[in-house]
Amino acid sequence: MFQSVLVLVLFPIVVYLILRWKHRRFYRISSELPGPVNYPLIGCGHLFIGKSNEEQFAILNDITKTYPSPCRAWLGPKLFVFIDNPEDMQVILNSPNCLEKADLYRFFRCEKGLFSSPASIWKVHRKLLSPCFSPAILASFVSIFNVKSEILVQRLEKNLGQGAFNLFGDISRCTLDMICATTLGTNMDLQSNEGTEFIKSIEDACELINCRLYKFWLHPEWIYQRTKYYKEEKYCYEKAYEMSRKILKMKQEARSKSRNTLNNNDNILSKSPQIYIDQILRLAEETDVFDNQAIKDELDTIIVGGNETSALTLSHVMLMLAIHQDIQQKVYNEIVNVIGSCDPSIPVHNDQLSKLIYTEMVMKETMRLFPVGPVVARTCTSPTRISKTTIPAGTNIVLGVYNVHRNPKHWGPDVDRFDPEHFFPERVAERHPYSFLPFSGGPRNCIGYKYGLMSMKIMLCHLLRAYRFRSPLKMDQLQLKMSITLKIANRHMVTVERRNG
């Protein structure tokens, strides 16, 4: 009995001492940087236990507001260095020593996709896939964006004369429909039940991943796979990726049939438009870069990542316009002036998009206040010098995009006020370029950000010419939460009324 008790007492002490020795270089930098009190083995993980998503996000903000950048916190046995000043963020995002995504990105189960792949894979994939987002290819998608936006306008008719509803559902189904019709080259009716099921599965998976992030004892894979959370996560992914696997099978069969029809005439085949999935399949045939898992991961990345970011951002934009009626009217006036008609059935042309200057300012101001990716996490692979210290190899670095977007030093005293004039050219020129990072920064920024901006502008043009949006919510009522992406906990509640000019 005594021996058993002794083992129980000594075991955690021995584990702690081993970890302390193994991570001694991290403890050195930890002693140099300010941060919350950390306890052996758990760090400051106790702060997040039993808290809601809103509370967890508030705790993260409190840590970074209480302690100057760079500061530090331990989550279990892992050290995280938090940085939210643009000078250091620019160093990290452009350093060859900080191209690796943090270890926690493996939770996304997409090890060979651009979003979370190791730097060695990302470099090759990014170079080969960047042409898929060329201006010429993006311009060819405009007609599809118009068609899908018209469907969205029609689907919103059911809400006329009704009470407030959550706009995100309709917008997310539309963006999903667009992605599958353009980037993946398929035309599916996803503004219906099938799209709803996919979105629900991904939302549930994000909740499970977010839960795992803060429960540091679930980080080891061998522990996590023995929990109910793993089974639930696996089910969510299986349901969500039924659609992407169906698309992949369709494209592979179509490509095989095309080769047979053309008698394997590669010169003729290569003249057809090469959209995202076609490019991956072609490269898989011509090189050893894309194996079957890489094809699936890149496909999942573009569907999930592209849909989540565009849908959330545009939903945020529509809520801001519904709250700020005067700004909504200015955007509407600009749209009508540029397109030359208030008729929502008139399509938007590619050359008109660059003329929507104030509209883009509104979108950027929305992304400032509500960046979909509120943090970016990297792992340092070699010692990297920033302003106040040298970060040792193996350190997890968390870049506070949300924090730098709301720093009065860069955005003035009314930092929480929605003000598109923040993006007047002369005011932009006065700010550090890394004080605004809605698509991350440096070489590993978002590959599809131009695609997202184009699709969102076209959706806006259709929505605002058809309807006036209002909201019962006020700015000071909005509650934010982080469930992988930044969300509004009290949702995008709006009412719609038919616009008469």
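**A hairpin, a sheet and the whole protein**

Four bridges join S10 to strand S11 (residues 485–488), and the two run antiparallel. Pairing here means that DSSP finds at least two bridges between two strands. Helices (H or I, at least four residues) and strands (E, at least two) are DSSP runs, numbered from the N terminus.

Before going further: this is a predicted model, in which local features need pLDDT of at least 70 and side-chain atom pairs count only at pLDDT 80 or more, while totals for chains, interfaces and linings use all residues. Residues are numbered from 1 along each chain as its sequence is written, and side-chain values use heavy atoms, with hydrogens and water left out.

Back to the hairpin. S10 and S11 have one residue between them, and Ile484 in the turn has a positive phi of about 70 degrees. Lys481 has Lys487 as its bridge partner in S11. Which way do the side chains of strand S10 (residues 480–483) point? Leu480 and Met482 go one way, Lys481 and Ser483 the other, and all are buried. Buried means under 20% relative accessible area, exposed over 50%, and partly exposed in between, with a 1.4 Å probe and protein chains only.

Next, the open sheet. Its three strands come in the order S4-S12-S9, with antiparallel pairing. Strand S4 (165–166) and strand S9 (467–470) are at the edges with a single partner strand each, so one side of each has no neighbour in the sheet. S4 meets strand S12 (residues 493–498) over two bridges: Phe165 is partnered by Val494, and Asn166 by Met493.

Now the whole protein. How many helices and strands does it have? There are 21 helices and twelve strands. The radius of gyration is 24 Å, close to the 23 Å from the globule rule for 501 residues, so the protein is as compact as a globular protein of that length. That radius is taken over C-alpha atoms, and the rule is 2.2 Å times the number of residues to the power 0.38. The C-alpha trace spans about 80 × 65 × 45 Å along its principal axes. Of the 501 residues, 54% count as buried.

Last, contacts (heavy atoms within 4.5 Å). Among those with a separation of 6 or more, 76% are between residues 24 or more positions apart.
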